[in-house]
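Hello,

Here is the structure we spoke about handing over. My notes on it follow below.

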Amino acid sequence: MRYYSCDSHVVEAREVFEGLEDRFGTRAPRVVHNYNDKPGDWIVLPGTAPVPVGRLGIAGNRLDDPKTDEKIARGYEGLNPGVKDPHARLDEQVRDGIVGEVMYPSLNMFTFAIKDRDVVSAVFERHNDWVFDYCSVNPERLIGIGCLGLPDVEIALAEMKRAATKGVRGFAIPAHVSPERPYHHPDYDPFWAAAEDFGVPLTMHIFTGETFDGGMPKHWGTPGGTIKGYTMAHTTVTNTMIDLICGGVVERFPKLKFIISEFELGWLAHTLQRLDHALYRTPKYAVDYLTMKPSEYFHRNFYATFEDDEAGMATRHMIGIENLLWGNDYPHHDSIWPHSMESLAKCFADVPGDEQEKMVWTNTIDLYNIDVSKLPVLAA
């Protein structure tokens, strides 16, 4: 059996942000060395606390180990080799027992929440060009996901056309947008139509939102900042999923493919069951032209990623085996790299081999039309 991670990450190089401060001033995200005398490299963004770059590329190290703090304090120099060098990354894949990765942003997860849309547009254009170049060393083993500046439809539409034409094979969009103009608003229809035409999967990843709080109540905190916020993070994308289904988006655009990424799975089976019943109880809160149950739209139009979710495996049939995508989250500190095989053996203890193969291989290969003839076969 071969393994392909459908939830990994790049850590954007300094060059993605260089020069933006000259153009936009402090409105733009920027990488600062030893920010306010704090050691290391920091991504500094308007409207939120700075984030240490070094923490986003230390897979294989524990946060409670003092030596990890030393690596983080080194900034870019402390990152694992393959984070910076795509050639080395291929070796790090082999070390983990996998043959390829679909890679989402790291630093630019936070850029989605910047209010200045001109800034977002400039950053994402740079990100998409950089990630395409990073992956060019082996585009079947390294699939870089672009970023699009929704909720600004005009900006996002233009960049999707530019980047998809160049060869970017999938895009991240905010996992949460303002309830004043949710994703089922007709303003978004030109974007959904174009995404359907290009055939590019659209991912809603944890920590990406129109606001840093993901729309959560203030007393919960933020998805990445508090115990409540992290535990309840899936509610941000649940809200979005319901808008896309019950607002008629996937009825109007049946070929769209959405990926709910890094929220794990255990919550999904009950959510789908409850959503079906909610539509029965209060149908007036959905469009009147739905032709299927919400869970059936999910099975047709949505995927969800997991890392090592035993609760998700226990309910996998209710969610749908064909809808599940495994990822190792490399190179983030929550990653199971370089122990993915041991972790999966535990998670898959009672899962038949044919079901395992779909989740770690077939579903991802089919979703991104990956040429398997160009992938290595690793020794057992």
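Ser-343 is buried because its relative accessibility is 16%, and the limit for that class is under 20%. The model is a predicted one, which applies to everything in this email. Ser-343 sits in helix 15, which covers residues 340–347. Apart from neighbours within four places in sequence, Ser-343 contacts Asp-308 and Ile-336.

Arg-89 is another buried residue, at 0% relative accessibility. Its place is in helix 4, residues 86–96. With neighbours within four places in sequence again set aside, the contacts of Arg-89 are as follows:

- Ser-8, His-9 and Val-10 are among them.
- Gly-82, Glu-101 and Met-103 are also included.
- Tyr-134, Leu-142, Tyr-330 and Pro-331 complete the list.

Next, the cysteines. How many disulfides does the structure hold? The number is zero. For Cys-147, the closest cysteine sulfur belongs to Cys-135 and lies 12 Å away, so the two are too far apart for a bond; a disulfide would need the sulfur atoms within 2.5 Å. Cys-147 itself is buried, with a relative accessibility of 0%. Cys-246 also counts as buried, since its relative accessible area is 9%.

Regards

Definitions and conventions:
Residues numbered from 1 in each chain as written. Predicted model: local features only at pLDDT ≥ 70, side-chain atom pairs only at ≥ 80, totals over all residues. Heavy atoms only, no water. Helix = DSSP H or I, 4+ residues; strand = E, 2+ residues; numbered from the N terminus. Buried < 20%, exposed > 50% of the residue type's maximum accessible area, 1.4 Å probe, protein only. Contact = heavy atoms within 4.5 Å.
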